[in-house]
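Welcome, and please open the model in your viewer. We will go from stop to stop, and at each one you will hear what to select and what to look for.

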Protein chains: 2
Amino acid sequence: MFPSPITQLFQIQYPIIQAGMVWTSGWRLASAVSNAGGLGLIGAGSMAPPVLKEHIQKCKAATSRPFGVNLPLLYHGVEQQVQIILEEAVPIIFTSAGNPKAWTKVFKDAGRTVVHVVSSSKFAVKAEQAGCDAVVAEGFEAGGHNGREETTTMVLIPLVADAVKIPVIAAGGIATGRQMLAALTLGADAVQIGTRFVASKEASCHINFKKAVSEAVEGATQLSLKQLTPVRLLKNKFYELVSAAERQGATTDDLQQLLGKGRARRGMFEGELNEGELEIGQSSALIHDIPAAATIVKQIWDEFQAAKSRIQQLNSL
Amino acid sequence: MFPSPITQLFQIQYPIIQAGMVWTSGWRLASAVSNAGGLGLIGAGSMAPPVLKEHIQKCKAATSRPFGVNLPLLYHGVEQQVQIILEEAVPIIFTSAGNPKAWTKVFKDAGRTVVHVVSSSKFAVKAEQAGCDAVVAEGFEAGGHNGREETTTMVLIPLVADAVKIPVIAAGGIATGRQMLAALTLGADAVQIGTRFVASKEASCHINFKKAVSEAVEGATQLSLKQLTPVRLLKNKFYELVSAAERQGATTDDLQQLLGKGRARRGMFEGELNEGELEIGQSSALIHDIPAAATIVKQIWDEFQAAKSRIQQLNSL
């Protein structure tokens, strides 16, 4: 086990957490990452309660190692999801997109480990005060939902690490081992990686989306829909429509209408690359293949060791 | 001398470069940083040719160590500035905000060292092809002028380091030694630091601006004026006006009129914090004092050594 407050907290081998992602991280991906020595998370955000229950049960059957559920707090039906997570004895819960006060005590009283995802040190302090065991500090470069202050991982991690006493997991822009070492150098105790695991064999998203991610180049994503909830998207026809509307002074209602319902599902799960909403991070520019999740964990770990050796050489000089 | 292609190229002790900044980095700051073992840059962007000449001459009198000039290529009068730089035998020139083909050959033919500032690996390759000796890769979190793709330092540095063979200087969001080590871990050979040196005794900007920078908190800056040239600003009354205009669908002409002339001078040099344009980076949230430039160089270096020792401890485990 790599020595870190996070590997100890979760009882995992490597300080590598696979982000819970809508339409992408079901039981196959989560169990594969946990079996490889990281922490896999089931993304509850796109799952109706019975679907979530099925994924948790299948994940438990597929791995004897710790795994978790990411629970966005902004959707309807969160009470039922909480009930399932409690009944199914999920050991680790990452909450996001909401107030950490809402459910942390319920989970802690049931003996679970709770982590909250934040985009600022102000919210990190709130998560700590709410009783969370750790925080994920997610920078501007991350895919999907994002903070309004647009603080990047390079600046956010030192700020959050200085603001709280609980362990800090860095997220946003991290897809390789040298970036993992950079994040630990900035003050993080572990990394949460999303985009890299989208382009994996076990991800439940559509192959069209995985291919688009592995082919994405620098500048292919942009933080969009800022008047609703800021979300980093792969640029496509839908993104261009939003962009044009925003340039012409679209209101929140205009944008809500343009977004409509089910676009994330259409894009990421059904593979409709033009009309769908494709949530992905800047690190897609660093990704060029679609390997198995275990291969990704091993590659990141090997790169991390190599990067450490390079720094060690600097030390001996 | 710290072993790096950049310390060798510039013949400096530490791989720390003080960014050339309008209304801020005159001869006092540049010579102080060079005397402290880094590389100081005079910011030519806000200097009429005779003023630039005076600053170069005073800098030469104040230090016997290497120093440079940062030359933005987008202003009128650049030909005269080039002439002065050649006549005054400035050894190192950083060009920015323009095509690296424009002047690199002229400077190289005169035996000078030339570095170009880029915000993408595509432009880094162009700078390499133009004959530059190194590139500065500047991420989204940087103050002042910025790229349209919004790639952050965490993602940009690995991409640029892989794309070119010439040395890479990381910029954007870096104000501390642990961030410097993170940047080197990502593949950079040195760092360029702007914001931290704005809040220094020797900076030529107004004390009101220095104080505002040292008091800035997380989220206090935003990339603005994206339809003209994207520029990261400290949020103030002027920023709010621009923001409101943009939300209402302002055209490029509207924004140009709102910006007017001389706003950067009013804000940064004359200390008019409401109406002025205040260019500063996200790392302002990490800065809480206004020390001498030599103290800043020493602090960054000490933090860098401490961060290296922490990584070394990881290695021994």
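Two residues are in contact here if their C-beta atoms, placed from the backbone, lie within 7 Å. This is a predicted model, in which local features need pLDDT of at least 70 and side-chain atom pairs count only at pLDDT 80 or more, while totals for chains, interfaces and linings use all residues. Residues are numbered from 1 along each chain as its sequence is written, and chains are lettered from A and ligands numbered from 1 in the order in which they are written.

**Stop 1: the core**

Select A:V191 first. Leaving aside neighbours within four places in sequence, A:V191 is in contact with A:P15, A:I16, A:I17, A:I169, A:A170, A:A171, A:I174, A:M180 and A:A183. A:V191 also belongs to the largest nonpolar core, which has 200 residues. Such a core is a set of buried Ala, Val, Leu, Ile, Met, Phe, Trp, Tyr and Cys residues joined through C-beta atoms within 7 Å. Buried means that 20 or more other C-beta atoms lie within 10 Å of the residue's own; with 12 or fewer it is exposed, and in between it is partly exposed, the C-beta atoms being placed from the backbone. Which members touch the most other members of this core? They are A:V135, A:I169, A:V191, B:V135, B:I169 and B:V191.

**Stop 2: the two chains**

Now colour by chain. Chain B can be laid on chain A with an RMSD of 0.0 Å by a turn of 180° and a shift of 0.0 Å along the axis; the superposition is by least squares on the C-alpha atoms of residues with pLDDT of at least 70 in both copies. The two copies are thus related as by a two-fold rotation axis. The same surface serves both of them, as 100% of the contact residues of chain B recur in chain A.

Next, show where they meet: 41 residues of chain B are in contact with 41 residues of chain A. On the chain B side, the elements that give two or more residues are α7 (153-163), α8 (177-185) and α14 (293-316). These names follow DSSP runs numbered from the N terminus, with helices (H or I) of at least four residues and strands (E) of at least two. The largest share of that side, 6 residues, comes from α14(B). By class, the side of chain B that touches chain A has 15 nonpolar, 19 polar and 7 charged residues. For this count, Ala, Val, Leu, Ile, Met, Phe, Trp, Tyr, Cys and Pro are nonpolar, Asp, Glu, Lys and Arg are charged, and the others, Gly among them, are polar.

**Stop 3: two helices of chain B**

Stay with α8(B). Just after α8(B), B:G187 takes a positive phi of about 125°.

Then select α2 (residues 27-35) of chain B, a mostly covered helix with 8 of its 9 residues buried. Among the buried ones are B:W27, B:R28 and B:L29. Look just after α2(B) for B:G37, which has a positive phi of about 105°.

**Stop 4: the domains of chain A**

Colour 5-205 + 286-316 of chain A as domain 1 and 215-283 as domain 2; these bounds come from an automatic or database domain assignment. The centres of the two domains, taken over C-alpha atoms, are 23 Å apart. In chain A, 23 residues of domain 1 are in contact with 14 residues of domain 2. On the domain 1 side, β7 (144-145) and α9 (195-198) of chain A each give two or more residues, and α9(A) has the largest share, 3 residues.

**Stop 5: a sheet**

Show β7, β11 and β10 of chain A, which form an open antiparallel sheet in that order. Strands pair if DSSP finds at least two bridges between them. β7 and β10 (221-224) stand at the edges with a single partner strand each, so one side of each is left without a neighbour in the sheet. β10(A) pairs with β11 (residues 231-234) of chain A over 4 bridges, and A:L223 has A:R232 as its bridge partner.

**Last stop: a loop**

Finish at A:T63, in the loop between α3 (49-62) and β3 (67-72) of chain A. With 18 C-beta neighbours inside 10 Å, A:T63 counts as partly exposed. Leaving aside neighbours within four places in sequence, A:T63 is in contact with A:S31, A:S34 and A:N35.
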